[in-house]
Amino acid sequence: MSNDTIERNRNRQDFSGIESIWLFGYGSLIYKVDFPFLEQRPASIHGWARRFWQGSHDHRGTPEAPGRVVTLIEQPGAICKGMAFRVSPIVFEYLDVREKNGYLRFTTTLTFNNGSHGEGLVYIATEDNEAFLGHAPEADIARQIASAVGPSGLNSEYLLRLAESLRALGDECSHTFSIEAFLKADS
């Protein structure tokens with residue numbers, strides 16, 4: 001199963017004349033920074049909640065046994081903390097491939113820790129993509145993550161590294177931490 005979004009993303013924004021743009025990371029983009037950036041700053045976006053509702057058939061699972069990775073779900077009043085990277089638009093040639101399994105680039109307003117704001121892009125896997133798994137009890141999500149592995153490694157490593165990164169950012173993501181607790185209890 002794949003919902004290859006590379007070409008759709010390449011047609012979503014026009015980067016003509018743009019030297020740099022902010023990118024908001026809320027999942028593996030926080031801790032797996034394998035792309036060049038000009039600046040990095042903690043930031044948050046409002047009205048979105050991080051959820052392990054996206055299937056990973058290409059990185060942390062397989063088509064036969066998908067893993068679960070995070071996406072953003074609209075939730076009024078929610079604040080999602082993450083990391084903002086100021087990047088050259090050329091970086092999206094790589095990131096569009098990395099985030100190809102259902103993720104589309106959307107424009108968002110970022111709030112930096114000093115209270116200032118900036119416009120940027122964020123990858124979101126919406127519920128209409130083929131890899132979207134949706135809501136499940138957090139204990140069930142933990143069990144699925146515990147057994148999933150793909151070309152990028154263990155799905156549990158993704159969860160544990162994300163939880164560690166969120167703690168370092170001072171985020172209180174109860175969804176992520178609950179799944180982490182279930183995973184650790186079962187291991």
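## Strands S4 and S5

Threonine 109 stands opposite glutamate 119 in strand S5, and threonine 111 stands opposite histidine 117 in S5. S4 and S5 (residues 117-125) run antiparallel and share nine bridges; strands are said to pair if DSSP finds at least two bridges between them. Helices (H or I, at least four residues) and strands (E, at least two) are DSSP runs, numbered from the N terminus.

The two strands form a hairpin with four residues between them. Glycine 115, in the turn, has a positive phi of about 95°. S4 is mostly covered, with seven of its 10 residues buried; buried means under 20% relative accessible area, exposed over 50%, and partly exposed in between (1.4 Å probe, protein chains only).

## Basis of the model

The model is predicted: local features need pLDDT of at least 70 and side-chain atom pairs count only at pLDDT 80 or more, while totals for chains, interfaces and linings use all residues. Residues are numbered from 1 along each chain as its sequence is written, and side-chain values use heavy atoms, with hydrogens and water left out.

## The chain as a whole

The chain has six helices and seven strands. In sequence order they give the pattern α-β-α-β-β-α-β-β-α-β-β-α-α. The C-alpha trace spans about 50 × 35 × 30 Å along its principal axes. A compact globule of 187 residues would have a radius of gyration near 16 Å, and the chain agrees with this at 16 Å. That radius is taken over C-alpha atoms, and the globule rule is 2.2 Å times the number of residues to the power 0.38.

Of the 187 residues, 53% count as buried. The accessible surface comes to about 8,800 Å², and 52% of this belongs to carbon and sulfur atoms; areas come from the Shrake-Rupley method with a 1.4 Å probe, and for residues only the protein chains shown count as cover. Among contacts (heavy atoms within 4.5 Å) between residues at least 6 apart in sequence, 75% join residues at least 24 apart.

## The barrel

Five strands close into a barrel in the order S1-S3-S2-S4-S5, with mixed pairing. From one strand to the next, the twist averages 45°. Helix H5 (residues 155-169) packs on the sheet and touches strand S2 (39-56) and strand S3 (67-87). The direction of H5 makes about 80° with that of S3; axes are lines fitted to C-alpha atoms, for helices over the stretch in contact, and angles run from 0 to 180 degrees between N-to-C directions.

S2 and S4 run antiparallel and are joined by two bridges. Alanine 43 stands opposite phenylalanine 112 in S4.

## Strand S1

Strand S1 (residues 21-25) is largely enclosed by the rest of the structure, because five of its five residues are buried. In a regular strand, side chains alternate between the two faces of the sheet. Both faces of S1 are covered: Ile21, Leu23 and Gly25 are buried on one side, and Trp22 and Phe24 on the other.

S1 pairs with S3 in the antiparallel sense over five bridges. The bridge partner of glycine 25 in S3 is methionine 83. S1 and S5 run parallel and are joined by three bridges, and tryptophan 22 stands opposite glycine 120 in S5.

## Leucine 29 and glutamate 99

Leucine 29 is in helix H2 (residues 28-31) and counts as buried, because its relative accessibility is 6%. Apart from neighbours within four places in sequence, leucine 29 is in contact with Leu23, Phe24, Phe35, Phe85, Leu95, Arg98, Glu99 and Tyr123. The C-alpha atoms of leucine 29 and tyrosine 123 are separated by 10.0 Å, although the two residues are 94 residues apart along the chain.

Glutamate 99 lies in the loop between helix H3 (92-98) and strand S4 (103-112). At 10% relative accessibility, glutamate 99 also counts as buried. Not counting residues up to four places away in sequence, glutamate 99 touches Thr5, Ser28, Leu29 and Tyr123. The side chain of glutamate 99 makes a polar contact with the side chain of arginine 98 at 3.3 Å. A polar contact is a pair of N or O atoms within 3.5 Å; within protein, one must be able to donate a hydrogen and the other to accept it, and residues adjacent in sequence count only if both atoms are side-chain atoms.

## Arginine 167

Arginine 167 lies in helix H5 and counts as partly exposed, at 45% relative accessibility. Leaving aside neighbours within four places in sequence, arginine 167 is in contact with Phe177 and Glu180. Its side chain makes a polar contact with the side chain of glutamate 180 (2.5 Å). The C-alpha atoms of arginine 167 and phenylalanine 177, 10 residues apart along the chain, are separated by 9.5 Å.
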